[in-house]
Amino acid sequence: MRLPSTRRRSPAGSSNSCTIKLAPWAAVLCVLTTACLLIAVLHSSSSNASTWRPSRRLQALSLLPQRNVHSRAFNGHHDAGERIASLYHAELAEYFKATLKPNATSADKLLATLKDLEDMGITTVALSTPWDWFNPEHGRLRFDYLSWMTGRVCQTTRMKVALILDMARAPSWVFDKWPNAKAVDSHGRQYPLLSWFHVEANQVALQVLGDVVSHLVAAQPGCVTSVQPVYNNEYEAKYTQEHDCFQDYSPPAIAAFREWVRGRRQQLPDLNARWGSSFASWDQVMPPALEAGSFLGVDATPRYWDFLKFRELYGASVLNRACATVRSAGVKCFHLIPNLFSALNAVYGVGMFKHIAASQDLDFIVLGSNFRSSYGTRMDATKIRLDVAAARSYGKPVYFQATVDPAALATANSNDSNAVQASTDLIAASFHAAWRGGAEGLGLVNWLGAHLQQQQQQQNAASPQSTTSSSSSSSSSSVAGAGAAASSSSLLAAAAGAMKAVEDPKAAAAAAAAAAGGSGCRLLASSRELVGVFLHLDSISALHGLQWGWARKDPVHDFVQDLAETYAGSCEADVAVFLELDRLLTALPVLDRVVFVEPVVLYGRAELETYALVKAAIQEMQHEVLQLPLNQTNGVQLTVLQHL
């Protein structure tokens, strides 16, 4: 896809509602060995290898945190930085039987795995547990389990613990007491997930959250260092994945929406005029019933945008209050954020990211990727650089977490060395791209399943059955199985060896080159170009979801992927990404060039005025103006909505 480019002056606009004509994301999954090798390479040290490092101007960019250049380069010894491996509740329950009464066998298995992680160079283990497990009855918290789980890490290794507390999965006693505290989607389907909008249930959740964090901080002082309070889908800061339908339409959510709207438009006739509705009373006022992909193209209607603003502001306030509770217990708070650039942004409420990232109660951000596009295809890792750079524009440390899908080892079982290598290269390139985007830590998730599969392969290959065959076909199968096991023998041991190997300057430089597609990034002068890329996060939510009736069902992903390949694939420039106009405006004095992607919808007078200031300012510097590919045959339109 070619990126459309025009150069135009800022159009004149009004603060009232108006329309301005502007002119016409394989399976990833690698062998854990190489994944950990790349983590080590990107944080490792050596005295002679040259490498890419951020320019002084990028460090000086006031909106981005200062970076210790030497901690990113292979020059001089330094702290290796955060390297995180996750052990989720389901994994602890299935493999280690941790949810049963802890015994010597389960403890030994967990301890062996933790020792493997430590030997591999992992510095932090992220452990998760849902509310319905650790608080099955009102007034009874499983502190013994929580202390046992964190104690395995804190008392037997030097690693730290990042705790993920899934408060969305409330215990049954909560719903028994408050039946309407469950989230509901736009089709009226109810989920066993805590609605953000039920005040009493959420107050209980905050109290439980504070009690658990305070207990563990006291029980494992200096070891439990950070907590992610989850209030939404699984372990990510977004609404839902079920049916890809918009949430929340529960009675408390509808009541909260009505109150929010009425506080801004006190006269119902005024609201009807804005929405083009005919509600006879405030009790009839409803948000639009939305389903991903049911509407094609840009939705610029005020009713839609008012609902989006309500969802993102209320959702961000829930997550920020949870972080304040975590921090009051004396540890850091973080959130895991999904892909920032997709046609699914509106469904998932990704617009709330800017309010979460800017909150004083958030200490750091984790960006995750499973390397799958909306098409089910493998994405190019270059896009990750833009995701990380965008998150860094809020001045918080950013970590990148790669998903190791157990299905990747199916390629190893088929003995397809090319497929295995492709998956390995992708996760390697993703770490490199995240590092270049400014990631201060790297992580792995779902690695345990891959590790266990490889262990099983090794056991099968070593068993008598695998070496005894009664026919040529079984013999062939045995050889293939042994080959697959041998190719990944002792996964974690190989990873530990790889991490030690990168202390060799030549090995470190070679690995960095491989991660960058063979060329690597050599040391460049600090005066190289700093490019600012503007991608209006709100405008991406103009699409309800995947565009099933278009040739490209996720035009946003496609556009940003091409944008990344064009502007972030090179080592010749630093890239800073901005999601809001005011942040771009503040950064303009230190940028050499601007790539400005025209917004589609602006909300309120203040944003319009900032838009005009930015457009006027970039005329005096090298810049390029691009348009989001929204399949609008008559040219892209900019809609400015009056603030509710």
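Aromatic contacts

Mentor: At 13% relative accessibility, Trp260 counts as buried, where buried means under 20% relative accessible area, exposed over 50% and partly exposed in between, with a 1.4 Å probe and protein chains only. This is a predicted model, in which local features need pLDDT of at least 70 and side-chain atom pairs count only at pLDDT 80 or more, while totals for chains, interfaces and linings use all residues. Residues are numbered from 1 along each chain as its sequence is written, and side-chain values use heavy atoms, with hydrogens and water left out.

Trainee: How many aromatic pairs does a search of the whole structure find?

Mentor: Rings of Phe, Tyr and Trp (its six-membered ring) pair if their centres lie within 6.5 Å; planes under 30 degrees apart count as stacked, over 60 as edge-to-face and the rest as tilted. Searching the whole structure on that basis gives a total of 20 aromatic pairs.

Trainee: Are the rings of Trp260 and Phe310 stacked, edge-to-face or tilted?

Mentor: The ring centres of Trp260 and Phe310 are 5.7 Å apart. Their planes stand at 50 degrees, so the pair is tilted.

Trainee: Is Phe310 buried or exposed?

Mentor: The relative accessible area of Phe310 is 2%. Phe310 therefore counts as buried.

Trainee: Which ring has the charged end of Lys182 over it?

Mentor: A charge sits over a ring if NZ of Lys or CZ of Arg is within 6 Å of the ring centre and within 35 degrees of the ring normal. The charged end of Lys182 is 5.2 Å from the centre of the ring in question, which belongs to Phe175.
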